[in-house]
Amino acid sequence: MVAVVFGARGNVGRHVADGLLAAGEQVRAVSRTPAAGPTPKCDAVTADLERPETLPAALDGADKMFLYGMLDPQRPYDIDKVAASATTAGIRQVVLLSSVAVLDPDADHPVPRLNRTIEQAIQRSGMDWTFLRPGTFATNTRTWWAESIRTDNVVRLPYPLAQSAPVHEKDIAALAVTALTEPGHSHQAYTIYGAESLTLQRQVEHIGEALGRRIRIEHVSHEQAHAEVGRTMHPVVAEAIVSQWAAANGVPVPTSAIAAKITGTPAHTYAQWAVDHSDDFR
């Protein structure tokens, strides 16, 4: 049978596809736009969760899938139509990349609200499900800081001593692969934090160490940071991020060992992530 990977060229999805291939699975790699070149060992398919009419061909003959939740508030998809297409095609198992934000009962901005809606629809669908709920993605720091590091060798921060526990995308993907290939993960929801709580300043230092140079930190106001982050993210998400930094200023945040516990492989550190992505900051 076939494992369908939506967002197969994304930060997490590409590692899910690679991991499933390494595990001996037949993989159908689904992306919104056609691949620029051949995809070795993968059946590459063009389909879009926002266009349900494209899904039957992507799901035909498959029995499990990796699905991403709400990544962009401006690009939600109709989860009821997606779930109906999956069950009609015979999908029996789904691993969903959700968000830790769904655990906040008072949060009413788009990220937790839409991801809760997606989780609930999948629970109603009758498919076996596993929810992955990561906190801060390490790749977010690339989104926030790469341009200013490349152009000015600076990171502008309102709260340099704010802490977070960034999660390497490879650890999220490894959990997804394990859930899709090994028993015991049906109807489980895994909250995923990084293995260490680091200040934003220390994260910038790790990037500098990977580049072999010191990166300057410039202190800015909360409002300036909101505008800076809002250049690359939805304004509602940007405000949530900067407010999260304010709340974590000088305060250690939760960490977890769930990736190591489930996969049997130690979680990646942020320093490792910085080395993996050093070219993104050059």
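## Overall dimensions

Along its principal axes, the C-alpha trace spans about 55 × 40 × 35 Å.

## Basis of the model

The model is predicted: local features need pLDDT of at least 70, side-chain atom pairs count only at pLDDT 80 or more, and totals for chains, interfaces and linings use all residues. Residues are numbered from 1 along each chain as its sequence is written, and side-chain values use heavy atoms, with hydrogens and water left out.

## Fold and burial

The chain contains eleven helices and eleven strands, which are DSSP runs (helices H or I, at least four residues; strands E, at least two) numbered from the N terminus. Of the 282 residues, 49% are buried, meaning under 20% relative accessible area with a 1.4 Å probe, protein chains only.

Contacts are heavy atoms within 4.5 Å. Among those between residues at least 6 apart in sequence, 77% join residues at least 24 apart.

## Helix α6

Helix α6 covers residues 169-181; its 13 residues should span 18 Å at 1.5 Å a residue, and its end C-alpha atoms are 18 Å apart, which agrees. The expected span is 1.5 Å times one less than the number of residues.

Because ten of its 13 residues are buried, α6 is largely enclosed by the rest of the structure. The buried residues include E169, D171, I172 and L180.

Definitions and conventions: Buried < 20%, exposed > 50% of the residue type's maximum accessible area, 1.4 Å probe, protein only.
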